[in-house]
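Please look over the sequence and the structure shown here before reading on.

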Amino acid sequence: CGEDIQARYNMSLGSLYGGMCLGSVNTAAVHAMAYPLGGMFNVPHGMANSLLLPYVMRFNLISDLEKFASIAIGLGENVDGLSLREVADVAVDAVVQLSKDVGIVSRMRELDIPEEAIDEMAEAAMKVTRLMNNNPRRMGLEDARRIYREAY
């Protein structure tokens with residue numbers, strides 16, 4: 001695989017594009033919560049974000065229903081006849097399905113993360129204030145614990 005120059009080029013280009021996108025979007029709680037999974041359990045950051053994203057989306061949903069509705073529409077979901085709240089919920093469901101489609105696990109226990117680590121992970125995530133402060137909905141320590149438990 002390391003010998004495949006085209007694959008290496010494509011990976012580096014994908015990494016560049018990802019970095020360019022992240023530089024201007026001010027990532028938030030999901031990234032902060034993904035860090036402990038990587039730092040404590042060597043879970044790749046992309047996988048950790050994908051696993052946690054639907055749970056954090058559900059927490060953030062009420063902060064901007066229109067934005068979440070636009071995600072559902074952007075993902076091509078059929079939202080005809082649904083209320084704004086229902087369309088926002090569809091966005092989360094679509095992200096869950098996308099993760100399943102590409103083989104991303106949906107629970108931390110599938111990665112052998114011990115349930116006893118939840119408190120320590122929540123405390124670590126809350127210390128990433130530059131990201132937590134960007135979250136569209138204020139998240140406290142108990143919220144982070146609850147999200148990790150839901151993802152367990």
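What follows is a short account of helix packing, nonpolar cores and some individual residues.

This is a predicted model, in which local features need pLDDT of at least 70 and side-chain atom pairs count only at pLDDT 80 or more, while totals for chains, interfaces and linings use all residues. Residues are numbered from 1 along each chain as its sequence is written, and side-chain values use heavy atoms, with hydrogens and water left out.

**How the helices pack**

- Two packed helices are described by the angle between their axes and the distance between the axes. Here the axes are lines fitted to C-alpha atoms, for helices over the stretch in contact, and the angles run from 0 to 180 degrees between N-to-C directions. Helices (H or I, at least four residues) and strands (E, at least two) are DSSP runs, numbered from the N terminus.
- Helix α2 (residues 29–41) and helix α3 (residues 45–60) have axes that come within 8 Å and cross at roughly 130°, which makes α2 oblique to α3. Angles under 35 degrees count as roughly parallel, over 145 as roughly antiparallel, 65 to 115 as roughly perpendicular, and the rest as oblique.
- The crossing of α2 and α3 is right-handed; a crossing is left-handed if the near helix is turned anticlockwise from the far one by less than a right angle, and right-handed if clockwise.
- On the α2 side the contact (heavy atoms within 4.5 Å) involves Ala-29, Val-30, His-31, Met-33, Ala-34, Tyr-35 and Leu-37, and on the α3 side His-45, Ala-48, Asn-49, Leu-52, Leu-53 and Val-56.
- By class, this contact of α2 with α3 has 10 nonpolar, 3 polar and no charged residues, where Ala, Val, Leu, Ile, Met, Phe, Trp, Tyr, Cys and Pro count as nonpolar, Asp, Glu, Lys and Arg as charged, and the others, Gly among them, as polar.
- The axes of α3 and α8 come within 9 Å and cross at roughly 130°, so α3 is oblique to α8, and their crossing is right-handed.
- In that pair, Leu-51, Leu-52, Tyr-55, Val-56 and Phe-59 of α3 meet Asp-143, Arg-146, Ile-147, Tyr-148, Glu-150 and Ala-151 of α8, and the contact has 8 nonpolar, no polar and 3 charged residues.
- Helix α4 (residues 65–74) and helix α5 (residues 84–101) pack at an angle of about 55°, with their axes 7 Å apart; α4 and α5 are therefore oblique to each other, and their crossing is left-handed.
- The residues in contact include Phe-68, Ala-69 and Ala-72 of α4 and Val-87, Ala-88 and Ala-91 of α5, and by class the contact of α4 with α5 has 10 nonpolar, no polar and 2 charged residues.

**Nonpolar cores**

- A nonpolar core is a set of buried Ala, Val, Leu, Ile, Met, Phe, Trp, Tyr and Cys residues joined through side-chain atoms within 4.5 Å; buried means under 20% relative accessible area, exposed over 50%, and partly exposed in between (1.4 Å probe, protein chains only).
- The largest nonpolar core has 31 residues, and those with the most contacts inside it are Met-33, Leu-52, Met-108, Met-139 and Tyr-148. The elements giving two or more residues to this core are α2, α3, α6 (118–126), α7 (129–132) and α8 (141–151).
- Not counting residues up to four places away in sequence, Met-139 touches Ala-29, Met-33, Val-56, Phe-59, Met-126, Met-132, Ala-144 and Ile-147.
- A second, separate core of 12 residues includes Leu-61, Val-87, Ala-88 and Ala-91.

**Buried residues in helices**

- Phe-68, found in helix α4, is buried, with a relative accessible area of 7%, and the C-alpha atoms of Phe-68 and Ala-88, 20 residues apart along the chain, are separated by 4.7 Å.
- Asn-60 is found in helix α3 and counts as buried at 6% relative accessibility; leaving aside neighbours within four places in sequence, Asn-60 is in contact with Phe-68, Asn-135, Pro-136 and Arg-137.
- Asp-143 lies in helix α8 and counts as buried at 16% relative accessibility; leaving aside neighbours within four places in sequence, Asp-143 is in contact with Phe-59 and Arg-138.

**Loop residues with positive phi**

- Asn-42, found in the loop between α2 and α3, has a positive phi of about 60° although it is not a glycine, and counts as exposed at 68% relative accessibility.
- Asp-112, found in the loop between α5 and α6, has a positive phi of about 60° although it is not a glycine, and counts as exposed at 68% relative accessibility.
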